[in-house]
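Subject: Structure handover

Hello,

Here is the structure for your files. My notes follow below it.

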Amino acid sequence: MTPGRCYGVGVGPGDPELLTVKAVRLLEACPVVAYFCAAGRESNARRVVRHHLRAEHTEMKLVYPLTTEAVGPSTYETLLADFYDQSAKRVAEVLDEGIDVAVLCEGDPFFFGSYMYLHHRLSDRYPSEVVPGVSSALAGAAVLGSPLASRNERFTVLSGVLPAHELEAGIAAADSIVVMKVGRNLDKVRDAVQRAGVLDRAYYLEWATLPNQQVMPLAEADGANAPYFSMVVIPSAGAIRR
Ligand SMILES: C[S@@+](CC[C@H](N)C(=O)[O-])C[C@H]1O[C@@H](n2cnc3c(N)ncnc32)[C@H](O)[C@@H]1O
């Protein structure tokens, strides 16, 4: 039997109007829609596409195991690898029946996207296609109304999980910066931004493009309550001046 196709579908940062035409077409065409989510929580990616899901769709929830806090980082890495193996196996079982699967992914699938862990495990055995999505980093710049890079400027993306000294060095070496995965790293990120000397042009954004979006100078953000879906955008000095 010809196997089904696996689509990694980027659904954008949250605003359903930022879904691509291709994402909508494939969602409507794929009988099975898979998505990652935390236990007991609605999937953010599913929420973006919910108006395109019909009763005929079979939904496959891929529920993450315990949190890092519960088991410690090294055990969690092992748990996650097993989880992605199991998730890939579940998707493969459907593909083996000749059924196409759309795996939803917030933002863009290949930009810190969880779909990539399935792609690594499946794309050598099954026809696979990645549908790019609007990344939250780009949406953040649009929300701020500040260009991220022009002419020969250096644009850098950093993960807020990095140690403080690496964040500081990365920020100091770039003209414009987006820090992803801010959440509970917010205080550390703000210290690094301050030490790099650019706190005056750094902005904190949570739930960008959604109705509960919050945007404020990073200096005013509350480190105790930052959700996982938060980032820091630092436009270049030139972008602010022009
Ligand atoms: C696992 S990464 C996924 C990134 C995604 N693939 C993308 O292209 O935007 C999750 C991080 O993306 C950022 N993020 C995603 N959507 C966001 C939003 N609507 N507002 C603010 N940050 C967001 C946050 O930094 C969050 O911790």
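In strand 3, M60 is the bridge partner of A34. This is a predicted model, in which local features need pLDDT of at least 70 and side-chain atom pairs count only at pLDDT 80 or more, while totals for chains, interfaces and linings use all residues. Residues are numbered from 1 along each chain as its sequence is written, and side-chain values use heavy atoms, with hydrogens and water left out.

The parallel sheet

Strand 2 (residues 32-37) pairs with strand 3 in the parallel sense, over 6 bridges. Two strands count as paired if DSSP finds at least two bridges between them. Strands (E, at least two residues) and helices (H or I, at least four) are DSSP runs, numbered from the N terminus.

The open sheet here has 5 strands in the order 3-2-4-1-5, with parallel pairing. Strand 3 (58-63) and strand 5 (128-131) stand at the edges with a single partner strand each, so one side of each has no neighbour in the sheet. From one strand to the next, the twist averages 20 degrees. Axes are lines fitted to C-alpha atoms, for helices over the stretch in contact, and angles run from 0 to 180 degrees between N-to-C directions.

Two helices to look at:

- Helix 1 (residues 21-29) lies across strand 1 (6-10), strand 2, strand 4 (101-105) and strand 5. Its angle to strand 5 is about 135 degrees.
- Helix 5 (residues 115-122) lies across strand 1, strand 2, strand 3, strand 4 and strand 5. Helix 5 runs at about 160 degrees to strand 5.

Contact means heavy atoms within 4.5 Å.

Another open sheet has 5 strands in the order 6-7-10-8-9, and its pairing is mixed. Strand 6 (155-159) and strand 9 are the edge strands, and each pairs on one side only. The twist in this sheet averages 20 degrees from one strand to the next. Strand 8 and strand 9 pair in the antiparallel sense over 4 bridges. The partner of Y203 in strand 9 is P217. Helix 7 (residues 164-172) packs on the sheet and touches strand 6, strand 7 (176-180) and strand 10 (230-234). Helix 7 makes about 170 degrees with the direction of strand 6.

The loop between strand 8 (203-206) and strand 9 (214-217) holds W207. T209 lies in the loop between these strands too. Most residues other than glycine have a negative phi. W207 has a positive phi of about 45 degrees. For T209, phi is positive at about 75 degrees.

The ligand

- P13: a backbone N or O atom lies 2.9 Å from a ligand nitrogen atom.
- S135: a side-chain N or O atom is 3.0 Å from a ligand oxygen atom.
- K181: a polar backbone atom is 2.8 Å from a ligand oxygen atom.

Taken alone, the ligand exposes 560 Å², and the protein buries 96% of that. Accessible areas come from the Shrake-Rupley method with a 1.4 Å probe.

Best wishes

Terms used. Polar contact = N/O pair within 3.5 Å; in protein donor to acceptor, adjacent residues only side chain to side chain.
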